[in-house]
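Okay, hi everyone, thanks for coming.

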Amino acid sequence: MNPINIKPQDLLNEVRQFNEKFAKGVHSLMEIGVVSSGVTPREEIYRDDQLVLYHYQSLRRATNKTPLLIVYALVNRPYMADLQESRSLIRGLLDAGQDVYLIDWGYPDESDRYLDLDDYINGYIDDCVDVLRNRHGVEKINLLGICQGGTFSACYSAMHPEKIRNLTTMVTPIDFHTKDNMLSHWVQNVDVDLLVDTRGNIPGDMLNWTFLNLKPYSLMGQKYLGVIDLMDDPDALENFMRMEKWIFDSPDQAGEAYRQFIKDFFQGNKLMSDDLVIGGMQVKLKNILMPVLNIYAEQDHLVPPGASRAMKKKVGSKDYSELSFPGGHIGIYVSGKAQKTIPPAIGDWLDKR
Amino acid sequence: MASSNTSWFEQSGQAWVKTQQDYWQNWLRRMQANSMTGNPFASLSEVPFSGMNQPWPGAFEQWWQMFSPNEAEPIKDFMRRTSDMGKSYLRMAEAFYKASSGNNDTSEEIVNSWLDMVQAGFKQWRKQLKSGFNVDMPEIFGFERMMMKSWQEAADAMMRGLAIQDWEFPGFSSAMFPETGKAREQLNKILGMPAMGYGRERQEKVQRLVELFVKYGEALKAYKIAFAGMGIRSIKAMKKKLGELQQPIDSMRGLYDFWVDVNEDVYGKFAMSDEYRVVYGDLVNSLVAVQQASNELMEDVYQAMNLPTRTDLEAVSRRLQQVRRENRQLRKQLTALSERLNKLEKAETEKPPEARRQTASGKVSMQKDDLTRIKGIGPKIQERLYEQGITAMEQLAAMGQQSVKELEEVLNATGKITREQWIKQAKAMLEDND
C-alpha cells in the first residue's frame, strides 16, 4: 500500500479552503466581542487581602444543610468551575441541592511575596472554614478541593479534622513521584531556591509556558488548526475563546508558597513519606478519618491518575470512594459528559453522609 | 475610509477574502496550465508574494500583517497563535506541494525524500552546535522553532534588562554568545582585565556575570543538541509509522495530524528522559543565575542613585507578612475574648438582682483560668503568663506560630511551647469543656 496519496489538486483546494476559512473566521471572531465567564449569580461574603469568599445563589433551596466549600488551585482562575450555563460544576452542585461557597485567591502581587503554605492553609482556608461554621452554626463543613486546591484541602483536613465533615478531591495530586508525572520529572533538577530568591513571585506566564510544553504539538499547534474548522459556528467559537481566555489567565505565584510547594511536594514528595510539616504542624494523611471521595480523570496529562489514587492507601478513613472520569484534566469540569455525571454523583455522595 | 455602517475591519476583512480568492485562483490556473509541463513554482512573476522564499506562508503572513494591528488584545493574542500555526501548516503544505509537482514520483517517494531532507536538516544543525556554533534551529515547519522561540523570547526579555551595556565594556553584547572567534577574543579581554582600583568590586561582579552568561550559552547549546536528537528520532519514527498505516493518508490535514501524533509521542518520551531532566534543569538554572548576578549589579547602581531596590522591596514585603500574621492572631484573640465577654455579660444579666448588686459594688476581678492544667506549665510559668496578660485558655488556644515564638522568647524557653504542644493541649481542653 502507498501510505500517502495526496493529489496536488486536492492539496491546493485544501489549502485554499484553509485560507478562506481563516479569513472568514476572523469576521465571526469580531462578532463575539468580549467573552464572558462566571455565569452563576454569587455574593461576596468575606474578604481578606486578595482573597474573596463567594456564596453561590440558586433558585432552589439547598437540601443539604452542611455548606460545601470549594478550594481552587493557586494556578489559573476558578471560573473554570463556572464557565457557562451548560458547563458549570458549580451550577451542577447547586442543582444537586448543595449550598456552595468558593475561595477565589485573586492575583497575588508583590505584597504577597512572603505568603507561605501555612498562611494559605492554616490562615486563609481556616478563616474561610470558620466563617462558614459560624454562618451556618455547624461544627463541620464539607470541603471540595480542585487540583492543587485538593492537595491543600487534604493537608487541611489532616491538620483540622474536627472541622471537616466530608472531603472531596478532584484531579488532586498526592503522590508526586509516579513514573508518568512529566511536570515533576522536569522540576527535579531545577534550583527552586535560586529561582524564588531571584524572581520573588513566579510569573504566571512561566507556568503557562511549562504547561503548554507538556503537549506542545497539540496544545500550541493542532488545537488552532482545529479551531479554524469551528470558526463558522459562533457558539463553538465562543466556547473555544472562553477556554482560551482561561488558559492564558494565569496569576503569578506567591514566591514562598511556590518554593515550599515545589520542594516539599514535587521534589520531596513528603505527603507520601509523612515528613510534611506546615506551620510547625505535622501533616499526616492518616489523620483524615472523615469520608473521602476522590475523583480523577483517566486521561489527565497534568495530574496522572496514579498521583491521585495514591490517596487511597494514605488516608485513615474507612469510608473512601473513588470516581473515575473518562476524560482529561480540564474535561472533567467542562465536558458535557462531566456535567451530566460528576456534580450529581458528588451531591448524592454528600447527601448520604 | 470606513462608512458609518461598515467598519474598517469589515472592509479590510472582505478585501482579505477577495485577495485570497484571487490568489488561490491564480495558483489553480497555474497548476492546470503546468500540469503537463512541470513545476508551477517555476515561473511565478505574476503571482503576488511569489518572490518570497516560501510564497504560501509568506502571503499568509502579509495578509495577517495588513489586518492584525487593529485587534483588541485577547483576540489579537489568539489570532497570533492561530496564524503561527497557520504558517507552519502552510509551510508543510508548500514543501509537500513543491516536491509533488513537476515529477512523476509517488506520494510515498516524495514524503520519504522530504523526510530525508528534514532529517538532514536536524543532523546538520546538531553538527553545527557540536562544533561550537550556537545557531538557531533551521526553519523546517517552523513548529519546533516556535517551541524554542517561546523560550528564547522569555530569555531575551530578561536579557534586555541586563545590567551591563556596551558603553561600559565594549563588545559585551557580542560576547554573549561567544561562538565566533572575534567575540571570544572580546570575552577573554573582559575576563582577563585585572580588577583594581575604585571600580574593582563592580568589575569583579561584571566578570562573574559574563562567566555566568557563557555558562547559560553552553546550557542552551546542550538543550538544542538534545532537541535536535529528538528531531532526528521523530523522523525515524515517522518513517516507521508510515509503513504500519492501515489506511493511506489522503489529505494535507491527515498528514499534519499524523505528524502531530508521531511527534507528540516521540517528544513525550524525550521529555521523560534523564537527558531532558538534566538539560532542562541546567537551562533554567543557568538563566536564573545570570539574572541574579545582573540584579546584584543593578542594585549597586540603584543604591548609588538612592532608588529603592528589589532587596528593599522584599524587606518591606517580609515585614508586611509578619504584620499580617500578627494581625490574624490578634483578630482571633479578639474574637475569642469578645465571645467570652458576651457569655459573661449574659450570665450577669441572668443572675438574681442581689447577686448582681454584690458584684457591681465588689471588686471586679478578671477571671483567670488554671493554666497549670496544661502539661508543661507550672505555677511559676503560670504567673509569668498572667503578667503577659495571658489569663484564659482561649488565648493560648488561639495562638499562632509567630505569637508562640515571641512568647517563647519572653519566657526564655525556645521551643518549649511547640515541643510540649501547649496550643494543642489548650484546644483539646476547650473542646472537652464544650
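First thing to keep in mind: what you're looking at is a predicted model.

So, let's start with the chains themselves. Chain A has 15 helices and 10 strands. Chain B has 17 helices and zero strands.

How much of each chain is buried? In chain A, 49% of the 353 residues count as buried. For chain B, with its 434 residues, the figure is 26%. In chain B, that share is 65%.

What about the overall form of chain A? Along its principal axes, the C-alpha trace spans about 70 × 50 × 45 Å.

Okay, now the place where the chains meet. Here 58 residues of chain A are in contact with 74 residues of chain B. Which helix of chain A gives the largest share of that side? That's α1(A), with 17 residues. Several other helices supply at least two residues each, including α3(A), α5(A), α6(A), α8(A) and α9(A). And if you sort chain A's side by class, you get 29 nonpolar, 17 polar and 12 charged residues.

Let's go inside chain A now, and zoom in on strand β5, residues 141-146. Is this strand buried or exposed? Six of its six residues are buried, so β5(A) is largely enclosed by the rest of the structure. In a regular strand, side chains alternate between the two faces of the sheet. You can follow that here: Ile141(A), Leu143(A) and Gly145(A) point one way, while Asn142(A), Leu144(A) and Ile146(A) point the other way.

And who are the neighbours of β5(A)? One is strand β3, residues 68-71, which pairs with β5(A) in the parallel sense over four bridges. If you want a pair to click on, Leu68(A) has Asn142(A) as its bridge partner in β5(A). Another is strand β6, residues 164-170, which runs parallel to β5(A) and is joined to it by six bridges. There, Leu143(A) stands opposite Leu167(A) of β6(A).

Next up, helices packing on helices. Two packed helices are described by the angle between their axes and the distance between the axes. Take α3(A) and helix α4, residues 148-159: they pack at an angle of about 80°, with their axes 10 Å apart. That makes α3(A) roughly perpendicular to α4(A). On the α3(A) side the contact uses Tyr120(A), Ile121(A), Asn122(A) and Ile125(A), and on the α4(A) side it uses Phe152(A), Cys155(A), Tyr156(A) and Met159(A). By class, this contact has seven nonpolar residues, one polar and no charged ones.

Now the second pair, α6(A) and helix α10, residues 255-267. Their axes are 10 Å apart too, but the angle is about 175°. That makes α6(A) roughly antiparallel to α10(A). Val192(A), Asp193(A) and Val196(A) of α6(A) meet Gly255(A), Tyr258(A), Arg259(A), Ile262(A) and Lys263(A) of α10(A). This contact divides into four nonpolar, one polar and three charged residues.

Staying on helix α10 of chain A, have a look at Gln267(A). It has 17 C-beta neighbours inside 10 Å, so Gln267(A) counts as partly exposed. Apart from its neighbours within four places in sequence, Gln267(A) is in contact with Val187(A), Gln188(A) and Ile262(A). And how far is Gln267(A) from Gly347(A)? They're 80 residues apart in sequence and 35 Å apart in space, C-alpha to C-alpha.

Last stop, chain B. Thr349(B) lies in helix α11, residues 310-350. Thr349(B) is exposed, with 8 other C-beta atoms within 10 Å. From Thr349(B) to Asn134(B) it's 215 residues in sequence and 84 Å in space, C-alpha to C-alpha.

How values were computed: Residues numbered from 1 in each chain as written. Chains lettered and ligands numbered in written order. Buried ≥ 20, exposed ≤ 12 C-beta atoms within 10 Å, placed from the backbone. Contact = placed C-beta atoms within 7 Å. Nonpolar A, V, L, I, M, F, W, Y, C, P; charged D, E, K, R; others polar. Axes fitted to C-alpha atoms, helices over the stretch in contact; angles between N-to-C directions. Parallel < 35°, antiparallel > 145°, perpendicular 65-115°, else oblique. Pairing = 2+ DSSP bridges.
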